[in-house]
Amino acid sequence: MLDVSYPNHLKKISVYAILVTAIASFSCNGIFQYNPNQVIFRDNEKNLTAKNIESIRSIPPEDTVRFILMGDTQRWYDEAEYFVKSANSQKNISFVLHAGDISDFGLSQEFKWVNEIMSGLKYPYLTVIGNHDIVANGSASYRKMFGALNYSFEYGNNKFIFINTNSREYAFDGSIPDLNWLRAELRNNPENKNAIVVAHVPPFDGDFDRNLELSYSRMLAEDPNVKFSLYGHQHSFRNEEYYKDGVQYILSTAMVKRGYFVITTWNGGYKAEQIEY
Amino acid sequence: MKMKNLLTATFLLFFTTAFAQDEQAGLNKWYVPDHVKLQFAGNIGFLSAGPGYISRNKTLETDLLFGFLPQKYGGDALVTITAKTTYSPWRIPLKNTLNLVPFSLGFYLNYTFGPQFDTKWPSYYPKGYYWWATSFRPGAYIGGKVGRDIYFYNKKKKAELYYELGTYDLLLISYVQNPKYLKPRDIVNLAFGLKIEL
């Protein structure tokens with residue numbers, strides 16, 4: 001009976017409307033995909049480093065700053081959701097640092113999924129690029145979604161320096177990590193804030209350029225503002241003064257191992273608590 | 001060549017082949033394609049087009065598609081080549097020349113050109129450091145199509161419109177390992193295409 005009462009063109013329009021709605025609601029990530037290596041992001045998925053730094057700074061820092069170090073989400077989305085739940089139960093956290101290997105295959109789709117999960121955090125998050133994030137079109141996706149591969153920001157009495165240390169992805173050509181950039185960032189610290197270098201591959205790992213290891217570790221050791229440095233990559237916890245030079249190397253584990261660090265810094269001191277959930 | 005020119009070339013190639021006027025004597029040679037296809041999306045390009053062959057019993061189609069993704073739409077300009085095979089077991093005739101293929105199943109292997117994509121990982125990686133190739137992407141899809149005879153300058157052609165719901169290896173692995181976070185709709189994408197018999 002309904003058929004008779006509807007004019008033909010109205011029926012057609014409603015069919016189209018249903019079809020369009022069905023397609024639109026099918027997937028929030030875009031029902032049409034053109035290539036696994038496409039670098040397509042929505043506006044709210046772009047420039048996240050700058051946006052999140054702004055949001056961290058919108059809350060004035062106290063003398064003591066507490067943050068979370070985690071990493072290696074790569075293809076462990078279910079586990080990353082457990083992390084978010086656990087992280088949200090911590091007290092007085094200002095932000096979360098993702099130590100790299102956000103993605104596994106360097107696909108923009110993976111970056112989107114991880115960002116969606118990390119958006120469930122009560123705090124803003126910042127990232128450093130990992131070796132898996134450079135694979136295929138990964139670094140193009142990282143640049144578009146987060147921003148520069150090397151960057152720094154200051155919060156309270158701390159200067160955080162994020163640097164790409166994934167030397168193997170650049171065929172160990174001597175350019176990565178960019179030690180000149182790192183030196184300049186460490187020198188440009190007139191108030192002698194705690195300098196906290198954050199990277200994915202630690203200098204004593206085989207994926208770090210052997211020819212740059214010594215210069216890198218010395219650069220950190222010779223700077224009195226550097227007390228500890230933060231990493232991911234090895235999928236296990238580590239918290240040791242690796243080179244016996246006064247710099248503590250703190251490595252967070254992978255999401256699949258269900259753990260992270262809560263780090264507290266203040267003028268002249270710090271504390272790293274290992275959390276398993 | 002500019003991506004826009006490539007897209008135009010694809011279109012031209014597709015339409016001039018599909019609607020070629022003269023029925024040439026050589027057209028029944030084995031190597032002459034049985035049809036041409038033009039596809040939108042499906043992880044093998046923004047647009048892709050190319051020739052294809054069909055088995056004698058009309059259930060198995062094999063195509064070679066050249067695909068382009070302009071930088072404007074993809075964030076990076078990507079050129080691909082894809083081999084795909086589609087199996088469509090049933091064909092239901094409807095009124096007039098209209099017919100319906102309710103179900104198709106297919107596989108493809110896609111290759112993306114570019115120095116950032118590897119088939120064999122360079123020697124500075126230990127063996128098995130990354131286990132997948134970034135240049136080749138295998139995928140699978142299900143779909144369906146409707147077909148009818150169309151007339152172009154009084155010449156009868158069989159045309160078919162098809163859709164495909166597909167995914168590829170890396171997304172499938174991600175889905176299998178994360179049944180809680182990922183839903184089938186997160187890894188499935190839609191493609192549309194037009195097939196014209198020669």
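1. Two residues are in contact if their C-beta atoms, placed from the backbone, lie within 7 Å. In this predicted model, residues 24 or more positions apart account for 52% of the contacts in chain B with a separation of 6 or more. For chain A, among contacts between residues at least 6 apart in sequence, 74% join residues at least 24 apart.

2. The two chains may be described in turn. Chain A has 277 residues, of which 44% count as buried, and its secondary structure comes to 8 helices and 11 strands. Chain B has 198 residues, and buried residues make up 31% of them. The secondary structure of chain B consists of 4 helices and 9 strands, and along the sequence these elements follow the pattern α-β-β-β-α-β-β-β-β-β-α-α-β.

3. The contact between the chains takes 29 residues from chain A and 34 residues from chain B. On the side of chain B that touches chain A, the elements giving two or more residues are helix 2 (71–74), strand 4 (78–87), helix 3 (169–177), helix 4 (184–187) and strand 9 (189–197) of chain B. Helix 3 of chain B gives the most to this side, with 4 residues. By residue type, the side of chain B that touches chain A divides into 17 nonpolar, 12 polar and 5 charged residues.

4. A sheet in chain A deserves attention. Strands of a sheet pair through backbone hydrogen bonds, either parallel or antiparallel. In chain A, 5 strands form an open sheet in the order 3-2-1-10-11, with mixed pairing. Strand 3 (125–127) and strand 11 (269–276) of chain A are the edge strands, each pairing on one side only. On average, neighbouring strands of this sheet are turned by 25° against each other, direction ignored. Within chain A, strand 1 (residues 65–70) and strand 10 (residues 259–266) pair in the antiparallel sense over 5 bridges. A:Val65 stands opposite A:Thr265, which belongs to strand 10 of chain A.

5. The nonpolar cores come next. The largest nonpolar core has 66 residues, and those with the most contacts inside it are A:Ile68, A:Leu69, A:Leu97, A:Ile161, A:Val197 and A:Val198. Strand 1 of chain A supplies the largest share of this core, 5 residues. Apart from this core lies another, of 16 residues, among them A:Tyr34, B:Phe14, B:Leu38 and B:Ala49. Which residues does A:Val198 contact, leaving aside its neighbours within four places in sequence? They are A:Leu97, A:Ala99, A:Val128, A:Phe160, A:Ile161, A:Phe162 and A:Leu230.

6. Helix 3 of chain A illustrates how burial can follow the geometry of a helix. An α-helix has 3.6 residues a turn, so residues three or four places apart point the same way. In helix 3 (residues 48–57) of chain A, the residues A:Leu48, A:Thr49, A:Asn52, A:Ile53 and A:Ile56 are buried. Seen down the axis of this helix, the buried residues fall within an arc of 130°, so they line one face of the helix. The elements covering these buried residues include strand 2, helix 5 (108–118), strand 3, helix 6 (138–145) and strand 4 (151–155) of chain A.

7. Most residues other than glycine have a negative phi, and most peptide bonds are trans. A:Asn92, although not a glycine, has a positive phi of about 55°. A:Asn92 is placed in the loop between helix 4 (77–88) and strand 2 (95–98) of chain A. A:His233 is likewise not a glycine and has a positive phi of about 80°; its loop runs between strand 7 (228–231) and strand 8 (238–240) of chain A. The peptide bond from A:Ile176 to A:Pro177 is cis, with omega near 0°. A:Pro177 lies in the loop between strand 5 (158–162) and helix 7 (179–187) of chain A.

8. Are A:Asn92 and A:His233 buried or exposed? A residue is buried if 20 or more other C-beta atoms lie within 10 Å of its own, and exposed if 12 or fewer do. A:Asn92 has 11 such atoms and is therefore exposed, whereas A:His233 has 25 and therefore counts as buried.

9. One residue of chain B may be judged by this cut-off as well. B:Lys72 is found in helix 2 of chain B, and because it has 10 C-beta neighbours inside 10 Å, B:Lys72 counts as exposed. B:Lys72 and B:Tyr108 are 36 residues apart along the chain, and their C-alpha atoms are separated by 25 Å.

Definitions and conventions
Residues numbered from 1 in each chain as written. Chains lettered and ligands numbered in written order. Predicted model: local features only at pLDDT ≥ 70, side-chain atom pairs only at ≥ 80, totals over all residues. Nonpolar A, V, L, I, M, F, W, Y, C, P; charged D, E, K, R; others polar. Pairing = 2+ DSSP bridges. Axes fitted to C-alpha atoms, helices over the stretch in contact; angles between N-to-C directions. Arc of directions from axis to C-beta. Core = buried A, V, L, I, M, F, W, Y, C linked by C-beta atoms within 7 Å.
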